Amino acid sequence: MKSRALVFFAGVALAGAAWGDELGRIDADLGGEARVWHTISLEQDGEVHASAEFRKSAMFTMLHLQGHPEARFTTSDVLNIDLMWRGDPKPGAAPMSVEVMFMPAGMKGPFWISEGAPEAAGADLVVERDGDRGRVSGTFSAMLCRQDSVTAAPDTGDCRTISGSVDSGLIVTGD
């Protein structure tokens, strides 16, 4: 899922989109520092794009949240939270994967990722759907370890914790 977050991030940056409609917030404690990120949306060529998306396919359901430090698109200080379920998520069912990634300097790195960390990331997020719109709320936590580049292994000796809450509108796509 890390590649999905990076592709979304790169695609929006290359499009030069002027994001600005706030969908919601991610409030968190990152290594002892209180932080806020905003989920955002944009209408471009009659189509709505969002940094909070719930996507259902035949076999998997994915929730992607990308938070920005302001209610507009930025290329640095970005937080991604990605969850994946097999099939349609059932109330109270844990996702099969939870990945959290913090990109303080954008795509040039370093990154802070939960993948490969000594402790698994977790999330208790509830998604409510109404057609092509929805809402997500709940909590998440992860240990994030430093990764110097996209291809480098995470340094499990250089980690910090993040925990917080999400309350955001989202776009629903897929089946």
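Where is the place of Asp77? I found Asp77 in the loop between β5 and β6.

**Ground rules.** I am working with a predicted model, where local features need pLDDT of at least 70, side-chain atom pairs count only at pLDDT 80 or more, and totals for chains, interfaces and linings use all residues. Residues are numbered from 1 along each chain as its sequence is written, and side-chain values use heavy atoms, with hydrogens and water left out.

**Confidence.** I looked up pLDDT, the predictor's confidence in each residue, from 0 to 100. The protein has a mean of 88, and 88% of its residues reach 70 or more. Over residues 3-16, though, pLDDT stays under 50. I noted 31 contacts beyond four places in sequence for residues 3-16 in the model; contact means heavy atoms within 4.5 Å. Where pLDDT is low, the predicted coordinates should not be read in detail.

**Layout.** I counted one helix and eleven strands. These are DSSP runs numbered from the N terminus: H or I over at least four residues for helices, E over at least two for strands. Along the sequence, I read the pattern as α-β-β-β-β-β-β-β-β-β-β-β. Of the contacts between residues at least 6 apart in sequence, 60% join residues at least 24 apart.

**Back to Asp77.** Asp77 is not a glycine, yet I see a positive phi of about 60°. Is Asp77 buried or exposed? Asp77 is buried, with a relative accessible area of 17%; buried means under 20%, exposed over 50% and partly exposed in between (1.4 Å probe, protein chains only).

**A cis bond.** I also checked the peptide bond from Gly109 to Pro110, which is cis with omega near 0°. Pro110 sits in the loop between β7 and β8 (111-113). Most residues other than glycine have a negative phi, and most peptide bonds are trans.

**The cores.** I took a nonpolar core as buried Ala, Val, Leu, Ile, Met, Phe, Trp, Tyr and Cys residues joined through side-chain atoms within 4.5 Å. The largest one has 26 residues, and those with the most contacts inside it are Leu63, Leu65, Leu79, Ile81 and Ile162. Elements giving two or more residues to this core include β1 (21-30), β6 (78-86) and β11 (155-174). A second, separate core of five residues includes Val78, Met101, Met103 and Phe111.

I then followed Ile162. Leaving aside neighbours within four places in sequence, its contacts include Ala28, Trp37, Leu79, Val100 and Phe140.

**Burial overall.** I noted that 45% of the 175 residues count as buried.
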